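Here is a short tour for anyone who likes to see the cut-offs next to the contacts. Please keep the viewer open while you read.

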Amino acid sequence: MIVKLCNAHELPPENEMKAFRGGALEICVARHAGGMFAFDNDCPHQKAPLSSGHLDGTKVVCPYHAWRFDITDGCPEIAGDPPLVLYEIRQYDNEIFIKLPDGSEPAR
Ligand code: FES
């Protein structure tokens, strides 16, 4: 399911993050090196809001326990930790869309 996430002017600036509602999910969008990356805003550890953390290059650092995940492939810094859930994100004209997993609940 493809849903509109926001308008392009609402995106965070380069090297920052911002959370948006995507269907029933909260999605964090990060911008780095001219790219856009979308992932679950809930940390895979204990669901802290990753948008309240910070970026260190391509790594998002969780605000609670400082676990780090790569925003380009979802990999955790420590092997064996659960990965970040990534979403496909695209811009069409001035609108930003993401692809949610099949079976996701629509926005309410
Ligand atoms: S909740 Fe994110 S590292 Fe613990």
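A salt bridge here is a side-chain nitrogen of Lys or Arg within 4 Å of a carboxyl oxygen of Asp or Glu. With that rule, D56, R68 and E77 are linked in a network of salt bridges.

## Ground rules

This is a predicted model, in which local features need pLDDT of at least 70 and side-chain atom pairs count only at pLDDT 80 or more, while totals for chains, interfaces and linings use all residues. Residues are numbered from 1 along each chain as its sequence is written, and side-chain values use heavy atoms, with hydrogens and water left out.

## The three-strand sheet

Let us start with the sheet that carries much of this story. Strands are DSSP runs (E, at least two residues; helices are H or I, at least four), numbered from the N terminus. Two strands pair if DSSP finds at least two bridges between them. On that basis, β5, β6 and β7 form an open sheet of three strands in the order β5-β6-β7, with antiparallel pairing. Its edge strands are β5 (54–56) and β7, each of which pairs on one side only. From one strand to the next, the twist averages 30°; the axes are lines fitted to C-alpha atoms (for helices over the stretch in contact), and angles run from 0 to 180 degrees between N-to-C directions.

Strand β6 (residues 59–61) and β7 run antiparallel and are joined by three bridges.

How many salt bridges does a search of the whole structure find? The count is five. One of them joins R68 to D56, with the closest N and O atoms 2.8 Å apart. Because R68 lies in strand β7 and D56 in strand β5, this pair ties together parts that are 12 residues apart in sequence. R68 also forms a salt bridge with E77, where the closest N and O atoms are 2.9 Å apart.

For solvent exposure, buried means under 20% relative accessible area, exposed means over 50%, and partly exposed lies in between (1.4 Å probe, protein chains only). R68 counts as partly exposed at 22% relative accessibility. D56 is partly exposed too, with a relative accessible area of 40%, and E77 is partly exposed at 46%.

## D70 and its surroundings

Which strand holds D70? D70 lies in β7, which spans residues 68–70. Its side chain meets that of K59 in a salt bridge (3.6 Å, N to O). D70 is in strand β7 and K59 in strand β6, so the pair ties together parts that are 11 residues apart in sequence.

Is D70 buried or exposed? With a relative accessible area of 11%, D70 is buried, whereas K59 is partly exposed at 22%. Contact means heavy atoms within 4.5 Å. Not counting residues up to four places away in sequence, D70 touches T58, K59, C75 and L84.

W67 is partly exposed, with a relative accessible area of 23%, while F69 is buried at 0%.

A disulfide is a pair of cysteine sulfur atoms within 2.5 Å, and the count comes to zero. C6 is in no disulfide, and the nearest cysteine sulfur, that of C28, is 12 Å away. C6 is buried, with a relative accessible area of 3%, and C62 also counts as buried, at 5% relative accessibility.

A38 has Y87 in β8 as its bridge partner.

β8 also pairs with strand β9 (residues 95–99) in the antiparallel sense, over five bridges. Within this pairing, Q91 stands opposite I96 in β9. β8 and β9 form a hairpin with two residues between them, and D93 in the turn has a positive phi of about 55°.
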